[in-house]
Amino acid sequence: YIKEGDSVSQFDSICEVQSDKASVTITSRYDGIIRKLHYNLDDIAYVGKPLVDIEIDTSKGVAPEEDVVETPPMSHEEHTHQEIKGHKTLATPAVRRLAMENNIKLSEVVGTGKDNRILKEDILNYLAKQTGAILPPSPKAEIVSPLPRSLPAAPKDKASKIPVPVSRPIAFSGKDKTEPVTGFHKAMVKTMNAALKIPHFGYCDEIDVTQLVQLREELKPVAQLRGIKLSFMPFFIKAASLGLLQYPVLNASLDESCQNVTYKASHNIGVAMDTEQGLIVPNVKNVQVCSVFEIAAELNRLQSLGSAGQLGTNDLTGGTFTLSNVGTIGGTYTKPVILPPEVAIGALGKIQV
């Protein structure tokens, strides 16, 4: 968000850092002038190494110092406010990223949201004015072409369906785009490659869940009174845990050399989530001692943090068994891949009549 020579105040956004676990915005700890950026856009920055040099006012009796920034947890205020030469702009991280990817200064965009907040539409409109291109490409824009002029008038006989040859080629201005695989996606590739080295055996079955559907309907109002959104997933997570009590070998981990099996005491059941950043698998800890309502409350928390890209390392590690749900997309059967070092994974399709 800054370049050499820019003035920054405390809590101004300096950059967005994406690890293989989460995406955070780093803010300035000082008032001063940016003298050096140690990394360019898309470089890999190392923890504990200098990020930027900030020259601060020496008249206050403080020597200029190098700012070594550890990645702090991001607060709402830090990533929505950005001061650009005295002009405060409001935008969400997703909008900032869109602006950054297209090299747009947020200070040049007029916000149409509340308190002049910059919306995604404002960025797209700005891009359209600058380049004449609309991102993402609108299908309607591609279809419109001067073809109809060259076509003869339609014959009155509607039964006649003789194709008319098109005299000129269809104009298409789209271009291929190459971008590096980074952050979450890089971690996904690494994990999937490790997963596919494991010999897999798949088994599918169909289960009558009529009574479960009735039970959930009865319990939904009770959950709402407790401020909990009750989906089907907490029931499946608890059911999986009850199954693991009977078959503890499925709640185990295998070392890399396949010499030792560790039977895990806790049922930390992971839930595969599709987020904007990619596939992540946070887990609900100690399901064996949790009620369905407690599981639902924890799942609500993980889902809200996951969609905001703010899940912590503790939420994403320590899983002992995983459930994946493709029912939200549809489909009857699916073949998930095991998440190492776990030994099994369950998957759910769509509930249907």
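Modeller: We shall discuss helix packing, aromatic rings and the backbone in turn. Please note that this is a predicted model.

Biologist: How is the packing of two helices described?

Modeller: Two packed helices are described by the angle between their axes and by the distance between those axes. Here, helix H8 (residues 233-246) packs with helix H9 (residues 292-307) at an angle of about 120°, and their axes are 9 Å apart. H8 is therefore oblique to H9. The crossing of H8 and H9 is right-handed.

Biologist: Which residues of H8 and H9 meet?

Modeller: From H8, Met233, Pro234, Phe235, Ile237 and Lys238 take part, and they meet Val292, Ile295, Ala296 and Leu299 of H9. Sorted by class, this contact between H8 and H9 has eight nonpolar residues, one charged residue and no polar ones.

Biologist: How many aromatic pairs does the structure hold?

Modeller: A pair of aromatic rings is described by the distance of the centres and the angle of the planes. The structure holds zero such pairs.

Biologist: Where does the charged end of Arg216 sit?

Modeller: The charged end of Arg216 sits over the ring of Phe232, at 4.4 Å from its centre. Arg96 lies over the face of Tyr1, 5.6 Å from the ring centre.

Biologist: What should I look for in the backbone?

Modeller: Most peptide bonds are trans, and most residues other than glycine have a negative phi. The bond from Pro340 to Pro341 is cis, with omega near 5°. Pro341 is found in the loop between strands S15 (321-325) and S16 (345-348). Cys258, although not a glycine, has a positive phi of about 55°. Cys258 lies in the loop between strands S9 (252-254) and S10 (261-263).

Key: Residues are numbered from 1 along each chain as its sequence is written. This is a predicted model: local features need pLDDT of at least 70, side-chain atom pairs count only at pLDDT 80 or more; totals for chains, interfaces and linings use all residues. Side-chain values use heavy atoms; hydrogens and water are left out. Axes are lines fitted to C-alpha atoms, for helices over the stretch in contact, and angles run from 0 to 180 degrees between N-to-C directions. Helices (H or I, at least four residues) and strands (E, at least two) are DSSP runs, numbered from the N terminus. Angles under 35 degrees count as roughly parallel, over 145 as roughly antiparallel, 65 to 115 as roughly perpendicular and the rest as oblique. A crossing is left-handed if the near helix is turned anticlockwise from the far one by less than a right angle, and right-handed if clockwise. Contact means heavy atoms within 4.5 Å. Ala, Val, Leu, Ile, Met, Phe, Trp, Tyr, Cys and Pro count as nonpolar, Asp, Glu, Lys and Arg as charged, and the others, Gly among them, as polar. Rings of Phe, Tyr and Trp (its six-membered ring) pair if their centres lie within 6.5 Å; planes under 30 degrees apart count as stacked, over 60 as edge-to-face and the rest as tilted. A charge sits over a ring if NZ of Lys or CZ of Arg is within 6 Å of the ring centre and within 35 degrees of the ring normal.
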